[in-house]
Amino acid sequence: MAGTSLGANLYRKIKRHPALIPMIGFIGLGLGSAALYLLRLAVRSPDVCWDRKNNPEPWNRLSPNDQYKFLAVSTDYKKLKKDRPDF
């Protein structure tokens, strides 16, 4: 068993215990959704600055109508007015 690959070993275990299939599926779904959420945070969040030369402070360029939260339950961002000064 020392020379077998990981995929062959997993296939043997699944063949012996078919109840592992849903568990592997849910673990894969959880890992995939966590990776996609981290990717969304890295790309869309105003707290993350990838380009420091052209946009050193990305949170200052947000207008009040920009929705950067993942889920806004009771806030309508289209009706908000600007209440902070320009820098």
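1. Let's start with a term: a residue is called buried when its relative accessible area is under 20%, exposed when over 50%, and partly exposed in between, using a 1.4 Å probe and the protein chains only. By that rule, buried residues account for 6% of the 87 residues in this protein.

2. A word on what you are looking at: this is a predicted model, in which local features need pLDDT of at least 70 and side-chain atom pairs count only at pLDDT 80 or more, while totals for chains, interfaces and linings use all residues. Residues are numbered from 1 along each chain as its sequence is written, and side-chain values use heavy atoms, with hydrogens and water left out.

3. Now the overall fold. The protein has two helices and zero strands; helices (H or I, at least four residues) and strands (E, at least two) are DSSP runs, numbered from the N terminus. Of the contacts (heavy atoms within 4.5 Å) between residues at least 6 apart in sequence, 13% join residues at least 24 apart.

4. Have a look at helix 2, which spans residues 20-44 and includes Met23. An unreviewed UniProt entry annotates residues 20-43 as "transmembrane region"; such annotations may be inferred rather than shown by experiment. In the model, residues 20-43 are 100% helix and 0% strand, with end C-alpha atoms 35 Å apart.

5. Is Met23 buried, exposed or partly exposed? Met23 counts as partly exposed because its relative accessibility is 45%. Together with Ile27 and Leu31, Met23 makes a nonpolar surface patch of about 320 Å².

6. Next, Ser5, in the segment before helix 1 (6-16). The Ser5 side chain reaches the backbone nitrogen of Ala8 at 3.4 Å.

7. Finally, Glu57 sits in the segment after helix 2. Its C-alpha atom is 8.6 Å from that of Asp47, ten residues apart along the chain.

Definitions and conventions
Patches are made of residues with over 30% relative accessible area and no salt bridge: like charges are joined within 9 Å, nonpolar side chains (Val, Leu, Ile, Met, Phe, Trp, Tyr) within 5 Å. Accessible areas come from the Shrake-Rupley method with a 1.4 Å probe; for residues, only the protein chains shown count as cover. A salt bridge is a side-chain nitrogen of Lys or Arg within 4 Å of a carboxyl oxygen of Asp or Glu. A polar contact is a pair of N or O atoms within 3.5 Å; within protein, one must be able to donate a hydrogen and the other to accept it, and residues adjacent in sequence count only if both atoms are side-chain atoms.
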